Amino acid sequence: MIDLRKEMPVLARHEGVWEGRYLLVDLEGKPLDSHASHLECSFPDSGEFPYMQVNTYTWDDGRREEIHFPAHYRDQRIWWDNDRIRGSAWELDSRSIVLTWTRKDLPGSYLYEMIQISDDNRRRARTWHWFVDDALLQRTLIREQRVK
């Protein structure tokens, strides 16, 4: 198995458990949704996937969703293709990762995400831009802290 920590050192800095809040806003910045997040980013020592992410979302009304995002590695990127998304992520500079993907449940969609991690690896900020049929639809703003 490939040593993904060596191949993608910025991604390796995200290993661990992160908690935060997602805020989905419309084009004018009006809130559309907000929920808590708990993300586990890991690099399994064996198995088919060199990267695994498990996202758990919890809404104030008690709803809960858990999604597993196993990823392959090739061409200096990690790649996802699961029931929900298809896309990839790559390192941009010493603290930034860029992702692009499509939502399989939203025809004509594509999303771009930027992730910036702090120099001390304890905080990160993420933004998503949602496009449908080449028109910007909404944005997601995420602030997280490492808890483990």
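This is a predicted model: local features need pLDDT of at least 70, side-chain atom pairs count only at pLDDT 80 or more; totals for chains, interfaces and linings use all residues.
Starting from the N terminus, the elements of this chain run α-α-β-β-β-β-β-β-β-β-β-β. In total, the chain has two helices and ten strands. Its radius of gyration is 15 Å, close to the 15 Å the globule rule gives for 148 residues, so the chain is as compact as a globular protein of that length. Along the principal axes, the C-alpha trace spans about 45 × 35 × 30 Å.

Now, let's look inside. Of the 148 residues, 41% count as buried. In soluble globular proteins, nonpolar side chains tend to be buried together. Here, the largest nonpolar core holds 31 residues, and Leu4, Leu11, Tyr51, Ile78 and Trp80 touch the most other members. Strand β4, residues 64–74, supplies the largest share of this core, four residues.

Let's pick Leu4 and follow its contacts. Which residues does Leu4 touch, leaving aside neighbours within four places in sequence? They are Leu11, Phe43, Pro50, Tyr51, Tyr73 and Ile78.

Is Arg103 buried or exposed? Arg103 counts as buried, because its relative accessibility is 16% and the cut-off for buried is under 20%. The side chains of Arg103 and Asp105 are joined by a polar contact of 2.8 Å. Leaving aside neighbours within four places in sequence, Arg103 is also in contact with Arg84, Ile85, Ser109, Leu111 and Trp130.

Notes
Residues are numbered from 1 along each chain as its sequence is written. Side-chain values use heavy atoms; hydrogens and water are left out. A nonpolar core is a set of buried Ala, Val, Leu, Ile, Met, Phe, Trp, Tyr and Cys residues joined through side-chain atoms within 4.5 Å. Buried means under 20% relative accessible area, exposed over 50%, partly exposed in between (1.4 Å probe, protein chains only). Contact means heavy atoms within 4.5 Å. A polar contact is a pair of N or O atoms within 3.5 Å; within protein, one must be able to donate a hydrogen and the other to accept it, and residues adjacent in sequence count only if both atoms are side-chain atoms. The radius of gyration is taken over C-alpha atoms; the globule rule is 2.2 Å times the number of residues to the power 0.38.
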